[in-house]
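Reader: I have a model open and would like to go through it bit by bit. Can we start with the terms?

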Number of protein chains: 2
Amino acid sequence: MNCILLPAANFSLANALIDAPEQIEHINKILGAQVGDTLKIGQLGGHLGTAIIDEMTSEQIQLGNVQLSLAPPPKLEVTVVLALPRPKVLRRLIMDMTALGVRDIVLINSYRTQKSYWQSPLLARLDEFVLEGLQQGVDTIAPRITLQKRFKPFVEDQLASLITNRAIVAHPYSELSLGQYLQQHSAYYSALQPQSSLPSVVCIGAEGGWIDYEIELLAGQGCQAVNIGRRVLRTEAAVNALLGQWLL
Amino acid sequence: MNCILLPAANFSLANALIDAPEQIEHINKILGAQVGDTLKIGQLGGHLGTAIIDEMTSEQIQLGNVQLSLAPPPKLEVTVVLALPRPKVLRRLIMDMTALGVRDIVLINSYRTQKSYWQSPLLARLDEFVLEGLQQGVDTIAPRITLQKRFKPFVEDQLASLITNRAIVAHPYSELSLGQYLQQHSAYYSALQPQSSLPSVVCIGAEGGWIDYEIELLAGQGCQAVNIGRRVLRTEAAVNALLGQWLL
């Protein structure tokens, strides 16, 4: 937690209330903060800033002198279409994509997504993982997350409308590397805006990647398959390594 | 495990023996492989290839028709100097850096590294985490890992000899972004070899990052501080996002 985010309802004038047990525990145990100390806070969906601890009990912390003047960092102009991963890694993936600033996340079914993953109770806790990611990345704006249990209808009927410039699908067996792809496209854009060579949609498989049928269906909607080398990475590592290009 | 790596001693002519419990469990439970099936294997420090399962017991798997003809992927020309992280994240960090192909890893003390981290029993198990990383990334060559319990002597006396071209230190409060840094340096190199603008040493802090004194000491040895945006990432996420630049 690099900042404490609170819903708008917890603010009134220059005061704010912390009542979430995880946040209170973090303030006590990790920060070791006391009455009079300054905290980095933010309003969910709003601005970032600071406040001073006025009162502390085991159940709530009252803040005063709330100053929220810093706008959150801009979102990354990218939609990540991610094959629903194992529940065990879902939390960290949502948290990392949120901290990185992904604007839109689509969790999609794939051949290698086990049906049981869609029954995971963790899917009901995405808001928690998003809050963790925002507090990690020091942002206030949650990504939009949508669930798509049917691969083919989503790809054929909805995907094209999400692609505002171009789209890629990460695929270790593609002959084209991401580096080659970015170089090809940077030639058409201003050298002063290297980010404009980045695609607006990135499709990432879960463990085991995509099957050929899925790659073909994605290609039919304009998704270029690209590799990031021969090495096979954990889904989390691949997501961060790929999205690292947006942080330059 | 995207391949099963065995030490040279387990090979003889066209045969090989799997006797590590984790590998046997993976072959049985995850792959569900049986006698006659082909496995992707590799020799630690050697080549990659395939073998056929000849015999299986609960304690060992005998392989025949061993063919090792594929060289491992090239290592990334980079040394990562990492502030020793919490034991909990050490395993995944070593595994990810290994899977990414980092050639050299230096685990170093820092102001925000707690002394107790150096007593962690996990530090005696780095070879295990490296093996996991190699089997994830499908590589056979382990990174060199060194431990440096004293920050200042290492930085002042040894760091410069590791810098074959340039060095950076990841620091969210730097005014220069990694993108600006790479653009500055790419001007001096061939556009056909964008990788040559990458530095040979990357210093990455643990949670909480580096303190000013450390940044100054690193700068004194030629490490340029760069940021990858305002957002604060988990150490694992930051390592993968940064090293993703080497995968292009």
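Author: Two strands pair if DSSP finds at least two bridges between them. Helices (H or I, at least four residues) and strands (E, at least two) are DSSP runs, numbered from the N terminus.

Reader: And what should I know about the model and its labels?

Author: This is a predicted model: local features need pLDDT of at least 70, side-chain atom pairs count only at pLDDT 80 or more, and totals for chains, interfaces and linings use all residues. Residues are numbered from 1 along each chain as its sequence is written, while chains are lettered from A and ligands numbered from 1 in the order in which they are written.

Reader: ok, how do β5(A) and β6(A) pair, parallel or antiparallel?

Author: Strand β5 (residues 48-56) of chain A pairs with β6(A) in the antiparallel sense, over seven bridges. A hairpin of four residues joins β5(A) to β6(A). A:E55 stands opposite A:Q62 in β6(A).

Reader: What does β3(A) pair with?

Author: Strand β3 (residues 15-18) of chain A pairs with strand β6 (residues 61-70) of chain A, antiparallel over three bridges. There, A:I18 stands opposite A:I61.

Reader: Switching topic. In what order do the six strands of the open sheet in chain A come?

Author: The order is β9-β8-β7-β11-β10-β12, with parallel pairing. The edge strands, each pairing on one side only, are β9 (144-148) and β12 (223-226) of chain A.

Reader: How many bridges between β7(A) and β8(A)?

Author: Six, between β7 (residues 76-83) and β8 (residues 102-108) of chain A. A:T79 stands opposite A:D104 in β8(A).

Reader: And how do α2(A) and α8(A) sit?

Author: The axes of α2 (residues 87-100) and α8 (residues 235-243) of chain A come within 10 Å and cross at roughly 10°. Axes are lines fitted to C-alpha atoms, for helices over the stretch in contact, and angles run from 0 to 180 degrees between N-to-C directions. Angles under 35 degrees count as roughly parallel, over 145 as roughly antiparallel, 65 to 115 as roughly perpendicular and the rest as oblique. The two helices, α2(A) and α8(A), are therefore roughly parallel to each other.

Reader: Which residues meet there, in α2(A) and α8(A)?

Author: Among those in α2(A) are A:V89 and A:L93, and among those in α8(A) are A:V239 and A:L243. Contact means that C-beta atoms, placed from the backbone, lie within 7 Å.

Reader: Last one: how many residues does each chain give to the contact of A and B?

Author: Chain A gives 31 residues and chain B gives 31 residues. On the side of chain B, α7(B) gives the most, with five residues.

Terms used: Two residues are in contact if their C-beta atoms, placed from the backbone, lie within 7 Å.
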